[in-house]
Amino acid sequence: MKTLVTGGIRSGKSRCAEELLADAARVTYVAPGPRWPDDDEWRARVASHRERRPPHWRTVENQDLAEVLTDLTGPALIDCLNTWLTGQLDDLNAWSGTGWEDTLTERIDAVVAAWATSAQRLVAVTNEVGLGLVSEHRSGRIFTDWLGILNQQIAAVSDDVILVVAGRRLHL
């Protein structure tokens with residue numbers, strides 16, 4: 001069973017995803033995003049997520065999400081696809097560079113293939129980006145366009161997609 005949990009920022013999607021795996025004896029929590037050690041607010045967000053997780057959950061912080069998905073031996077929660085994408089865009093200098101699109105497409109394809117072929121119970125969290133205005137900034141347009149692509153591809157190979165709004169769940 002593979003479930004994609006999407007919604008807006010602070011909608012309750014991470015808590016929803018955690019509850020989907022609450023009955024599992026062992027869960028790998030995958031944090032595939034970059035680290036921002038100088039950002040106190042970001043560190044506080046990460047800490048609040050850590051405090052909610054059961055002590056028997058194992059945490060893996062690794063931006064090679066395709067490899068992590070391939071190597072799993074039990075259920076996993078990926079939180080979240082949007083931070084993974086941000087790390088990839090940073091790595092490729094996509095914010096100001098050119099010629100990175102093919103490499104990003106290959107990385108997304110590898111993650112989608114690993115997700116689709118995994119025999120494990122998987123839950124992934126992502127932000128829903130298709131409900132707002134088009135950003136006036138190039139970086140915002142790059143991010144929303146590519147996250148929309150990633151979300152659609154993961155949703156297409158998932159058994160369930162849950163939209164979380166104000167803590168309420170809607171199965172799509």
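## A tour from the pocket to the strands

Start by selecting Trp42, Arg45, His49, Cys80 and Thr83: of the 35 residues lining the largest pocket, these lie nearest its centre. A pocket here is an open set of points on a 1 Å grid over the protein atoms alone, where a 1.4 Å probe fits, with protein on both sides within 12 Å along at least five of seven lines; lining residues have an atom within 4 Å of a point.

Before you click on, know that this is a predicted model: local features need pLDDT of at least 70, side-chain atom pairs count only at pLDDT 80 or more, and totals for chains, interfaces and linings use all residues. Numbering runs from 1 along each chain as its sequence is written, and side-chain values use heavy atoms, with hydrogens and water left out.

How big is the volume of the largest pocket? About 960 Å³, counting the space filled by probe spheres set on the points, which are joined across faces, edges and corners. Colour the lining by type and you get 12 nonpolar, 11 polar and 12 charged residues. (Ala, Val, Leu, Ile, Met, Phe, Trp, Tyr, Cys and Pro count as nonpolar, Asp, Glu, Lys and Arg as charged, and the others, Gly among them, as polar.)

Now select α2 (40–52), which gives the largest share of that lining, seven residues. Among the other elements that supply at least two lining residues are α1 (13–20), α4 (81–91) and β5 (122–127). Helices (H or I, at least four residues) and strands (E, at least two) are DSSP runs, numbered from the N terminus.

Asn82 is buried, at 8% relative accessible area. Leaving out residues up to four places away in sequence, Asn82 touches Val125, Thr126, Asn127, Phe143 and Leu147, where contact means heavy atoms within 4.5 Å. After the helix, find Asn93, with a positive phi near 55°.

**Strand β4.** Last stop: residues 76–79. Ala76 and Ile78 point one way, Leu77 and Asp79 the other, and all are buried.

Which strands pair with β4? β2 does, in the parallel sense over three bridges, and so does β5, also parallel, over four bridges.

How values were computed:
Buried < 20%, exposed > 50% of the residue type's maximum accessible area, 1.4 Å probe, protein only. Pairing = 2+ DSSP bridges.
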